[in-house]
Amino acid sequence: MKPNDLPVGMAEPFLRFEDVSIRLGGREILSPTSFDVARGEFVCIVGPSGCGKTTLLRAASGLVAPSAGEVRRKGRAMTEPSREVAFVFQDYGRALLPWRTVEGNVSLALEAAGVPAAERGARIADVLGKVGLGRHGQKFPVQLSGGMQQRTQIARCLAQKPELMMMDEPFGALDALTRQSLQDELARLVREDGLTVLFVTHDLEEAIYLGDRVIALQANPGLGRPSLARMINVEIPRPRDQLGTKEHPEFLRLRRELFAFIEQGHD
Amino acid sequence: MNARTQTWLGSLALLSALVALWWVASNAGWVSRVFLPTPQATFASLAEGLRADLLDFTLATVGRMLQGWLLASLVGVALGAAIGVSPAVRAWVQPTLEFIRPLPASALMPLAISIFGLSPGMVLFVVAFGAMWPVLLATVHGFACVEPRLAEVARCLQMSRAAFVWKVGLPNAMPDILAGMRLALTISLIVAVVGEMIASQTGLGQAILLAARAFRASELFAGIVLLGLIGFVSNALLALAEKKLLRWQRP
Amino acid sequence: MTSAALWRAVRPWIFPLVLLVSYEAYARRAAALGSDALAPPTAALQALAGAAMDGSLWQATGFTLGTAALGLLIGAGLGTLLGIALGLSRRAAGLGFLTIEVFRPVPSVALIPLAMLMFGFGVRMELAIVAFATFWPLLLLVQAAVQQVEPRLLEVSRVLGLSPSERAWKIVLPAIVPRLFVALRMGVAVALVVAVTVEIAANPNGMGYAMMIAQQSFDPALMLAWLGWIGVVGVAVNALMLWLQRVVSRRMGAVL
């Protein structure tokens with residue numbers, strides 16, 4: 001698949017994946033993949049297990065190095081994690097400090113960034129308000145539900161004032177109702193703050209619902225069968241809602257297209 | 001009367017029954033009073049002794065125990081943190097540490113006597129050295145077992161190494177460290193008492209040894225009671241501190 | 001063996017070896033200067049060999065291990081039985097609570113003079129203290145293990161109408177075997193440590209006493225030899241218990 005064609009002389013794209021491939025245990029999990037992400041875009045990555053979507057995300061955030069190729073943010077290679085790229089882990093329980101309160105956990109991001117103590121309180125309150133945890137600041141993670149814990153993690157990521165947010169199946173471990181409300185909250189936050197998001201999920205509907213673009217990966221790449229199998233633009237107007245959007249003809253068309261493709265991939 | 005109070009009273013009743021048994025057995029001479037003094041004699045010795053020098057002995061033993069324990073905890077945590085944060089250092093050093101774990105602390109006493117002679121310093125050295133190992137091993141374990149996800153979060157936030165050790169490593173290791181310190185406290189008391197016995201240092205250890213040699217059973221029992229009390233109070237205080245420090249586990 | 005496996009087998013020994021070698025050099029100089037506290041490891045090995053040849057090594061080791069084993073049998077045995085009883089019966093556990101909390105904190109070494117008074121010196125005195133010291137950890141650990149038996153299994157035993165002894169024997173005991181072994185391993189370690197401690201403090205028998213005698217005769221090589229030997233015995237016993245634990249758990253299909 002060719003990367004987005006840019007007119008000659010245009011500035012470096014916000015995020016560029018250039019021939020990124022990943023090998024694990026001698027096998028190629030992800031064949032050389034290239035695509036660009038523009039600032040403010042919400043890109044969803046879907047695919048069956050083993051297609052390398054999580055590893056791709058981790059490589060993009062600098063947590064691991066790709067076996068070949070490069071990920072460049074604003075022209076510079078992502079070899080190490082950076083505070084400007086926030087990462088939301090799927091296992092939220094293990095990504096929070098159990099001995100700190102919700103406020104304490106959010107504060108960690110500010111402390112790491114060297115924000116002076118006097119300013120922290122206001123910023124923490126602001127970000128907790130955004131995710132709806134304003135009244136739970138003094139609670140410890142063990143006292144929170146799964147959804148609240150994930151919101152705490154998102155709050156901490158927002159406190160970093162990131163340019164780019166990487167999300168690895170953030171709602172996968174939550175029940176359906178919580179998932180839906182968090183999807184809408186996330187869409188609102190992203191819109192308010194103008195964030196660029198890379199969102200990995202196995203849920204096709206979630207990908208279409210949230211994304212401006214959906215990238216579908218397939219497992220076991222081989223000759224003539226690249227990992228990057230499909231890239232579709234989601235041209236459904238925003239703001240979207242759980243009922244209306246899911247009955248929108250474009251939503252249904254994309255859903256059918258993606259489903260068929262995934263089924264095909266399962267042969 | 002609710003169930004909890006009932007249990008408490010029942011428990012108290014059993015204890016009182018045992019004390020009553022003690023009273024009967026010793027007063028009626030079922031067990032020779034050379035070994036088993038009567039409760040009243042024990043109490044009398046306790047009261048008398050505290051007015052005399054038993055209090056000094058107790059304070060000496062407690063002082064030895066606490067000094068050694070605090071020293072051991074400080075060194076143990078510092079050293080344990082240094083070893084625990086680095087997987088490389090751990091790989092080299094940990095097997096040797098595991099070898100030392102089962103060794104009796106008191107076994108070092110002959111060596112310490114050769115080096116320091118029969119002195120308070122000798123006892124303190126062995127107490128501190130013996131009590132250090134549980135704290136050190138627990139600290140190494142606590143630092144080694146940091147949730148990998150938290151390590152990644154620290155990388156994503158670009159936390160400095162020092163900040164990571166202080167804000168993530170240490171709190172994470174706290175439950176282990178406190179458990180190690182509790183064990184260390186028990187060892188401190190034991191080694192302090194043994195040290196006093198061997199090196200004839202002022203304290204409860206020496207006091208009960210002399211009492212036994214002079215066949216003064218009630219004084220012996222008074223000393224045992226005090227040692228039990230020291231063990232009980234020190235453990236209870238530490239458990240309380242642990243509960244406060246680990247409030248986040250059970251808020 | 002691959003080079004990686006070879007490295008992994010050898011690496012744990014490098015650090016202690018470096019320590020030993022540097023200590024050897026240091027102690028040789030100290031001995032040359034007439035120190036009666038430090039001896040080089042090589043001299044200690046010689047002394048150990050000497051003790052092995054004249055039988056004193058085996059006699060003392062036998063005494064310590066034998067006494068520790070007997071004390072453990074009594075203490076851990078009683079502790080296990082009582083632990084099972086208290087674990088099965090909430091009421092009994094509640095009744096015994098205060099008594100346990102009063103007697104448990106007494107350090108076992110505090111009873112050395114009492115045991116001396118009652119039994120004089122020898123096996124019985126040491127045995128009694130080891131029994132006291134091993135009783136409490138076993139009691140508490142077994143009680144906890146019984147209380148944590150999968151409640152579903154106990155419900156099954158009620159539905160099947162098992163008698164109390166059948167329930168204890170067929171359900172509870174097998175269920176607690178893994179944790180029982182962990183507790184026993186700790187009990188063995190405690191027994192050994194306490195036995196050696198009693199010998200150092202008072203009892204003129206066994207490995208601890210042999211070490212004290214060596215120190216008092218200004219024989220640092222022999223003293224170091226005993227210290228090292230005590231360590232080796234401790235490690236060997238612990239390794240044996242670990243092996244036993246693994247064998248038993250494998251045969252019972254338990255997950256430790």
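In which elements of chain A is confidence lowest and highest? In this predicted model, the lowest value within chain A falls in helix 8 of chain A (residues 249-265), with a mean of 83, whereas strand 8 of chain A (residues 196-200) reaches the highest, at 96. Over the whole of chain A the mean pLDDT is 89, and 94% of the residues score at least 70. Where pLDDT is low, the predicted coordinates should not be read in detail.

Chain A contains 8 helices and 10 strands. Its radius of gyration of 19 Å agrees with the value near 18 Å that a compact globule of 267 residues would have. The C-alpha trace of chain A extends over about 55 × 40 × 40 Å along the principal axes. Of the 267 residues in chain A, 40% are buried.

Strand 8 of chain A, the element of highest confidence in that chain, is mostly covered, with 5 of its 5 residues buried. The burial involves both faces of strand 8 of chain A: Thr196(A), Leu198(A) and Val200(A) lie on one side, Val197(A) and Phe199(A) on the other, and all are buried. Two pairings of this strand may be described. Strand 3 of chain A (residues 42-46) pairs with strand 8 of chain A in the parallel sense through 4 bridges, and Val43(A) is placed opposite Leu198(A) of strand 8 of chain A. Strand 7 of chain A (residues 164-168) also runs parallel to strand 8 of chain A, to which 5 bridges join it. Here Met165(A) stands opposite Val197(A) in strand 8 of chain A.

Chain B is built from 10 helices and 0 strands, and its elements follow one another from the N terminus as α-α-α-α-α-α-α-α-α-α. For its 251 residues the globule rule gives 18 Å, and the radius of gyration of chain B, 23 Å, is well over this value, so chain B is more spread out than a compact globule. A box of roughly 75 × 60 × 30 Å along the principal axes holds the C-alpha atoms of chain B. Buried residues account for 45% of the 251 residues in chain B. In chain B, 76% of the contacts with a separation of 6 or more are between residues 24 or more positions apart. The domain assignment divides chain B into domain 1 (1-31) and domain 2 (37-249); the centres of domain 1 of chain B and domain 2 of chain B, taken over C-alpha atoms, are separated by 32 Å.

There are 2 pairs of chains in contact, and chains B and C share the most contacts. In that pair, 44 residues of chain B touch 43 residues of chain C. On the side of chain B that touches chain C, two or more residues each come from helix 1 (3-27), helix 4 (87-100), helix 5 (109-116), helix 8, helix 9 (204-213) and helix 10 (217-245) of chain B. Helix 10 of chain B provides the largest share of this side, 8 residues. By class, the side of chain B that touches chain C comprises 35 nonpolar and 9 polar residues, with no charged residues.

The contact between chain B and chain A involves 16 residues from chain B and 19 residues from chain A. Helix 7 (148-156) and helix 8 (161-199) of chain B each contribute at least two residues to the side of chain B that touches chain A. Helix 7 of chain B gives the most to that side, with 6 residues. The side of chain B that touches chain A consists of 10 nonpolar, 1 polar and 5 charged residues. Chain A and chain C do not touch, and their nearest C-alpha atoms lie 17 Å apart.

Within chain C, Ile176(C) is located in helix 8 of chain C (residues 164-201). Ile176(C) is buried because 23 other C-beta atoms lie within 10 Å, the threshold for burial being 20 or more. Apart from neighbours within four places in sequence, the contacts of Ile176(C) are Val142(C), Ala145(C), Val146(C) and Val149(C). Ile176(C) and Val232(C) are 56 residues apart in sequence, and their C-alpha atoms are 30 Å apart in space.

Terms used
Residues are numbered from 1 along each chain as its sequence is written. Chains are lettered from A and ligands numbered from 1 in the order in which they are written. This is a predicted model: local features need pLDDT of at least 70, side-chain atom pairs count only at pLDDT 80 or more; totals for chains, interfaces and linings use all residues. The radius of gyration is taken over C-alpha atoms; the globule rule is 2.2 Å times the number of residues to the power 0.38. A residue is buried if 20 or more other C-beta atoms lie within 10 Å of its own, exposed if 12 or fewer, and partly exposed in between; C-beta atoms are placed from the backbone. Domain bounds come from an automatic or database domain assignment. Two residues are in contact if their C-beta atoms, placed from the backbone, lie within 7 Å. Ala, Val, Leu, Ile, Met, Phe, Trp, Tyr, Cys and Pro count as nonpolar, Asp, Glu, Lys and Arg as charged, and the others, Gly among them, as polar. pLDDT is the predictor's confidence in each residue, from 0 to 100. Two strands pair if DSSP finds at least two bridges between them.
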